[in-house]
Amino acid sequence: MSATDLMRDFGAMLASGGVEVVDCSGVLGPDTPILQLPADFAKPTPKVEIHKISEYDEDGPFFAWNWMVLGEHSGTHFDAPHHWITGKDYEDGFTDTLDVQRLVAPVNVIDCSQQAQEDPDFLLDAKGIKEWEAEYGEIGEGEWVVMRTDWDARVDDEARFLNADETGPHSPGPTPDAIQYLMDKKIVGWGTQCIGTDAGQAGGMEPPYPAHNLLHKNNCFGLASLANLDKLPRKGAILIAAPLKIKNGTGSPIRALALVPKG
């Protein structure tokens, strides 16, 4: 089958509902949880603000539109390599310079929802990924890997979503050896349903924040605050995760979409 025939048939499947488009993004607005960092560590991202310009009134009689205050890493978002110091030297490490061919790829969904429900500090290690591969198949080069925890069920309550106490945030994520294993497999990127790509307690790991550290060191991408991963199969879906083309952008809110075969 030629590429032209394949695209024609794929288009027909989309039109008929044979391929379902699953929205893997949360709602972006003033109530969207934002990462909280200690004041003595880093300057924080502001909350999302939406301000009306006009809505069929004296400021614009025929149209409605808004302006926004928005951090690059707000809500369901994309981390480009330049986001982390280990990825700072990649010329194609910004949202306006990256290779868009890499943004659309097969997605592997590793279901850790039960473990995360039992332990908010659950960590997925390389052994767990290898066990998943033994059951569902190898993770391939250039593919997305996402960690399903169903953490998006907490998103309407910022305190529960961030889940922090005097020892810091508590949320599931990967171990350093898990991310290194995926880097050795040459994936395109890693995603989670939590506020960031790392576990809440990842600052105490070696290296600290291994998802950020190792992903961007290898010119790979991160996805955070994903939603509806329970609607995706373990394998067989295509994930589209495209950031805004921001000049020298280190990341961007996204509308992450998964193409899922039905039947």
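**Lysine 52 and glutamate 55.** I started with this pair, keeping in mind that the model is predicted. I found the two side chains joined in a salt bridge, with 3.2 Å from N to O. Then I looked up how open each one is. Glutamate 55 comes out partly exposed, at 41% relative accessible area. Lysine 52 has 52% and counts as exposed, because the cut-off for that word is over 50%.

**Aspartate 5 and arginine 8.** Next I went to helix α1, which covers residues 3-16. Here aspartate 5 makes a salt bridge with arginine 8, and their closest N and O atoms are 2.9 Å apart. Why are these two separated by about one helical turn? I checked the numbering: they are three residues apart in helix α1, so about one turn lies between them. For accessibility, I noted 26% for aspartate 5, which is partly exposed. Arginine 8 is exposed, at 51%.

**Lysine 88 and aspartate 89.** Is aspartate 89 buried or exposed? I get exposed, with a relative accessible area of 63%. Lysine 88 is partly exposed, at 43%.

Last, I wanted the total. How many salt bridges does the structure hold? I noted 14. A reminder to myself: side chains of opposite charge can pair when their charged atoms come close.

Terms used
Residues numbered from 1 in each chain as written. Predicted model: local features only at pLDDT ≥ 70, side-chain atom pairs only at ≥ 80, totals over all residues. Heavy atoms only, no water. Salt bridge = Lys/Arg side-chain N within 4 Å of Asp/Glu carboxyl O. Helix = DSSP H or I, 4+ residues; strand = E, 2+ residues; numbered from the N terminus. Buried < 20%, exposed > 50% of the residue type's maximum accessible area, 1.4 Å probe, protein only.
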